[in-house]
Amino acid sequence: MLVIHGDKDYRVPIGEGIRLYFDLVRHGVPAKFLYYPTENHWILTPGNSKVWYETVLAFLAEHVLGEKWERPALI
């Protein structure tokens, strides 16, 4: 599972995203966590959006196509 969370998301507090991620890991579910300290519920900054799309596509490539996970480059 891919958990993506912005720290300024007032709909879902950051603690909920972190808790979900750690519960998944604790139960042996393959999980990744993508955190944006300056974004809210929607990832709007162009550079952050680029990383969001690259991360989602890499995650799908790993879990759907069976490709090796490669972390997207940060800008």
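Modeller: Glu54 is partly exposed at 28% relative accessibility, where partly exposed lies between buried (under 20% relative accessible area) and exposed (over 50%), with a 1.4 Å probe and protein chains only. The model is predicted, so local features need pLDDT of at least 70 and side-chain atom pairs count only at pLDDT 80 or more, while totals for chains, interfaces and linings use all residues. Residues are numbered from 1 along each chain as its sequence is written, and side-chain values use heavy atoms, leaving out hydrogens and water.

Glu54 forms a salt bridge with Lys50 (2.8 Å, N to O); the term means a side-chain nitrogen of Lys or Arg within 4 Å of a carboxyl oxygen of Asp or Glu. Lys50 is partly exposed, at 44% relative accessibility. Both residues lie in helix α2, four residues apart, about one turn of the helix. A network of salt bridges with shared partners joins Arg19, Asp23 and Arg26. Three salt bridges are found in the structure.

Asp23 is partly exposed at 23%, whereas Arg19 is exposed at 54% and Arg26 is exposed at 58%.

Back in helix α2 (residues 46-64), Leu57 is exposed, at 57% relative accessible area. Leu57, Leu60, Val64 and Leu65 make a nonpolar surface patch of about 430 Å². Patch members have over 30% relative accessible area and no salt bridge; nonpolar side chains (Val, Leu, Ile, Met, Phe, Trp, Tyr) are joined within 5 Å, like charges within 9 Å. Thr55, also in helix α2, is buried at 7%. Setting aside residues up to four places away in sequence, Thr55 touches Leu2, Leu34, Trp69 and Pro72, a contact being heavy atoms within 4.5 Å.

As for the whole chain, the pattern along the sequence is β-α-β-α; helices (H or I, at least four residues) and strands (E, at least two) are DSSP runs, numbered from the N terminus. Of its 75 residues, 24% count as buried. The chain has 8 positive and 9 negative side chains, and the centres of the two sets lie 3 Å apart. Lys and Arg count as positive and Asp and Glu as negative, with His and the chain ends not counted; each charge is placed at NZ of Lys, CZ of Arg, CG of Asp or CD of Glu.

How values were computed: Accessible areas come from the Shrake-Rupley method with a 1.4 Å probe; for residues, only the protein chains shown count as cover.
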